[in-house]
Amino acid sequence: MDGLTFTCPVCGVDVPRRAKSCPHCGACEKSGWSQDRHFDGLNLPDTDFNYGEFTRREFGSGPKKSKMQWFWLVVTILVILALGWMTLRGMG
Ligand SMILES: [Zn+2]
């Protein structure tokens, strides 16, 4: 009895161990048992996909936008430096 059947993780009925799919709910090794489904839904591919999209968005949207970002970064740094320099001058 032990080795001949196991409990279907989907619907809970006893399924013959040699059966390829559950006769009750139709779950099978490839598309059915919940453990296998967990393995199918790995977190890694998801993270990979998100990272790829992020990279594409940040660096792949064209040199124009990237140039603008650099321009504003330089402008911001120059303004901060000028303000800091003027503040130091005023204090000193
Ligand atoms: Zn079942």
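The conversation below moves from the overall fold to the metal site, the core and the aromatic rings.

Mentor: Please note at the outset that this is a predicted model.

Trainee: Understood. How many helices and strands does the chain have?

Mentor: There are three helices and two strands. Their order along the sequence is β-β-α-α-α.

Trainee: And what percentage of the residues count as buried?

Mentor: The chain has 92 residues, and 9% of them count as buried. The accessible surface amounts to about 8,400 Å², with 63% of that area belonging to carbon and sulfur atoms.

Trainee: Let us turn to the metal. Which residues coordinate the zinc ion?

Mentor: The zinc ion is held by the SG atoms of Cys 8, Cys 11, Cys 22 and Cys 25, at 2.3 Å. Along the chain these donors follow the spacing C-x2-C-x10-C-x2-C.

Trainee: Where do Cys 8 and Cys 22 sit in the fold?

Mentor: Cys 8 lies in the loop between β1 (5–7) and β2 (14–16), whereas Cys 22 lies in the loop between β2 and α1 (34–40). The two are 14 residues apart, and the pair links distant parts of the chain.

Trainee: Why is the arrangement around the zinc ion called tetrahedral?

Mentor: It is called tetrahedral because the four donor atoms subtend angles of 106 to 113°, and the rule asks that all angles lie between 85 and 135 degrees.

Trainee: Are Cys 8 and Cys 22 buried or exposed?

Mentor: Cys 8 is buried, at a relative accessible area of 2%. Cys 22 is likewise buried, with a value of 2%.

Trainee: Which residues make up the largest nonpolar core?

Mentor: That core has five residues, namely Cys 8, Val 15, Ala 19, Cys 22 and Ala 27.

Trainee: What does Val 15 touch, its close sequence neighbours aside?

Mentor: Beyond the residues within four places in sequence, Val 15 is in contact with Leu 4, Thr 5, Phe 6, Cys 8, Ser 21, Cys 22 and Pro 23.

Trainee: A change of topic: how many aromatic pairs are there?

Mentor: The count is one aromatic pair. Phe 71 and Trp 72 form it in an edge-to-face arrangement, 5.2 Å centre to centre and with 70° between the planes.

Trainee: Why are those two residues classed as partly exposed?

Mentor: Phe 71 is partly exposed because its relative accessible area is 47%, and Trp 72 because its value is 48%. Partly exposed covers the range between under 20% for buried and over 50% for exposed.

How values were computed
Residues are numbered from 1 along each chain as its sequence is written. This is a predicted model: local features need pLDDT of at least 70, side-chain atom pairs count only at pLDDT 80 or more; totals for chains, interfaces and linings use all residues. Side-chain values use heavy atoms; hydrogens and water are left out. A nonpolar core is a set of buried Ala, Val, Leu, Ile, Met, Phe, Trp, Tyr and Cys residues joined through side-chain atoms within 4.5 Å. Buried means under 20% relative accessible area, exposed over 50%, partly exposed in between (1.4 Å probe, protein chains only). Contact means heavy atoms within 4.5 Å. Rings of Phe, Tyr and Trp (its six-membered ring) pair if their centres lie within 6.5 Å; planes under 30 degrees apart count as stacked, over 60 as edge-to-face and the rest as tilted. Helices (H or I, at least four residues) and strands (E, at least two) are DSSP runs, numbered from the N terminus. Accessible areas come from the Shrake-Rupley method with a 1.4 Å probe; for residues, only the protein chains shown count as cover. Donors are N, O and S atoms within 2.8 Å of the metal (3.2 Å for Na, K and Ca); water is not among the atoms, so sites may look incomplete. Four donors count as tetrahedral if all angles lie between 85 and 135 degrees; four count as square planar and six as octahedral if opposite donors are over 155 degrees apart and all others between 65 and 115; anything else is irregular.
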